[in-house]
Amino acid sequence: MKKSILALAILTVFIAFGCQLSSGQVKKYDPKRKMSKTPAEWKKILTPNEYHIMVESGTEPPFQNAYHDNHQKGVYVSAATGEVLFTSDDKFDSGTGWPSFVKPVDPKKIEIVQDNSYGETRDEVIEKSTGLHLGHVFDDGPADRGGKRYCMNSGALKFIKK
């Protein structure tokens with residue numbers, strides 16, 4: 001019984017922090033981060049949800065987002081620029097409630113930066129051309145496909161069906 005409770009507690013923590021904080025907390029805008037437009041300019045272009053995720057480094061609830069359970073063939077493009085970032089061929093079900101990929105289409109289109117928010121250190125994925133937040137990358141992806149899990153926010157992406 002104690003092992004079951006411990007396992008359930010560990011699973012709960014993993015899901016809650018599996019990709020990002022799911023509490024809807026907003027990391028303050030970091031003026032040191034180089035973005036291709038000011039927050040005010042992005043606010044005019046992006047939807048409120050896209051702005052929250054991409055500019056404020058917010059997150060969406062697990063299992064309650066557009067693409068976590070999308071199994072269609074196609075590509076995932078940046079909600080801000082339309083640049084192709086991920087493909088359905090590299091998507092997998094991580095069980096975390098967010099769309100997860102083993103790799104980006106072109107590693108030159110993203111940048112990995114250290115994220116020390118909320119008392120933990122994670123590798124944040126940003127769109128290189130804009131400086132906007134996409135999600136985080138972890139080393140617990142499928143070992144036979146490189147071992148990475150690019151855990152993205154659906155709100156930072158748009159899906160284009162093939």
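Predicted model: local features only at pLDDT ≥ 70, side-chain atom pairs only at ≥ 80, totals over all residues.
Two strands pair if DSSP finds at least two bridges between them. Another open sheet has three strands, in the order 2-1-9. Strands (E, at least two residues) and helices (H or I, at least four) are DSSP runs numbered from the N terminus.

Local features need pLDDT of at least 70 and side-chain atom pairs count only at pLDDT 80 or more, while totals for chains, interfaces and linings use all residues. Residues are numbered from 1 along each chain as its sequence is written, and side-chain values use heavy atoms, without hydrogens and water.

- Two antiparallel bridges pair strand 3 with strand 4 (residues 100-101).
- Phe92 has Ser100 in strand 4 as its bridge partner.

- Strand 1 (residues 74-78) is joined to strand 2 by three bridges.
- Val77 stands opposite Val84 in strand 2.

**Nonpolar core**
- The largest nonpolar core has 24 residues; those with the most contacts inside it include Trp42, Phe86 and Leu157.
- Such a core is a set of buried Ala, Val, Leu, Ile, Met, Phe, Trp, Tyr and Cys residues joined through side-chain atoms within 4.5 Å. Buried means under 20% relative accessible area (1.4 Å probe, protein chains only).
- Beyond its neighbours within four places in sequence, Leu157 contacts (heavy atoms within 4.5 Å) residues including Tyr67, Val77, Phe86 and Met152.

Key
Buried < 20%, exposed > 50% of the residue type's maximum accessible area, 1.4 Å probe, protein only.
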